Every structure is written in structure tokens, then in C-alpha cells.
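Please find below my note on the structure that you passed to me for comment.

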Amino acid sequence: MVVVLRAPLRSRDDDVDHAAAVAHALRRGLVGVGGRLPEPPADLDDAVAQVARRHGDRTAARLGRFAAFDRGAVAWTRDVAGELWLGRVTGSWRFDPSADAATFDLQHVRECLWLDDPVPWPEVPAAVHATFERGGRNLQRVHDLGAEAGSQLLWERYGR
């Protein structure tokens, strides 16, 4: 089965415009996590170490898990209108040093092929709805066979 991720694309910094961050990720074809760094890291190990020093071990561990998911995982995000978007992770972890990435606290990114439109609400697997309803800002895996099968079928139906 496919790995299913809830990707809120939401910074822990309340000053970050969440709507703009989601729009940025969808427009640029990215999925990402927070943990701003002032200088680009040399590699993933360096990024995890720097994030641990600046943001704590829990944030660093989240970055490590994000980077470890296999390509082909599917990601769900929700925009501020409540619409749910489905994407497929196509790239490996990289650090985005751009000003936009720092502004939106999405410097740790992976390429993600997002659908052109949100998935119709009734078609979204129940477990995906539930994980967003619980709230939170962390990227997390959705451990549910129905979400895995349903997300895969939706990707086959609507994906490129």
C-alpha cells in the first residue's frame, strides 16, 4: 500500500500567513516542513543537527522522518477554505534557501505533484478528514488501510 501523509504546511510561527504558505507549496509543487535556518546546510545530516540546535530535538526528528518517506508517498493538505488537495511526493529532501521559503517557514521541502484541483469533499477518505479535524501543525503519517487504498484510487482517477 501507499504511504499517506497529512501535510498541513503550517508553521509553528504564528506570524506566518498559513493561506499564503499553502498557496506557495501548491504553486511551486512542493511539500515541506518548518524549521528555519539562517544558512543553507551542507546536507540532510547537517540540516537535522542545525534544526535540533535552533528548534529542538522534536522538530529535528520530524525533519528526519519527513526526509525518510519514500518517493511515491501521497500527501494531503488543506487550504484555508477547507478544501483538501492530494499530491504525490516525487523528490528527495532539499533545502530551499529562497526568501519565500524562509517567509513561509517551508525551507525543508520535497517535490510534490499536486492535483490541479481539490478533491471533492465526499471522495476524501474518512481517516484523512479525521486527521485534519484533530488539528495540529505536524506532518504525520495517516495509518489507515482505507485512507491508503482510497488515496491510491483517487490518485489513479485524478492524477497526472
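The points below go from the basis of the model to the overall fold and then to one residue.

1. This is a predicted model, in which local features need pLDDT of at least 70 and side-chain atom pairs count only at pLDDT 80 or more, while totals for chains, interfaces and linings use all residues. Residues are numbered from 1 along each chain as its sequence is written, and side-chain values use heavy atoms, with hydrogens and water left out.

2. The protein contains six helices and seven strands, where helices (H or I, at least four residues) and strands (E, at least two) are DSSP runs numbered from the N terminus. Along the sequence their order is β-α-β-α-α-β-β-β-α-β-α-β-α. The radius of gyration, 15 Å, is close to the 15 Å that the globule rule gives for 160 residues, so the protein is as compact as a globular protein of that length; the radius is taken over C-alpha atoms, and the rule is 2.2 Å times the number of residues to the power 0.38.

3. Of contacts (heavy atoms within 4.5 Å) between residues at least 6 apart in sequence, 70% join residues at least 24 apart. Buried residues make up 47% of the 160 residues, buried meaning under 20% relative accessible area, exposed over 50% and partly exposed in between, with a 1.4 Å probe and protein chains only.

4. T103 belongs to helix α4, which spans residues 99-103, and counts as partly exposed because its relative accessibility is 46%. Leaving aside residues up to four places away in sequence, T103 touches V16 and R36. From T103 to A61 the separation is 42 residues in sequence and 22 Å in space, C-alpha to C-alpha.
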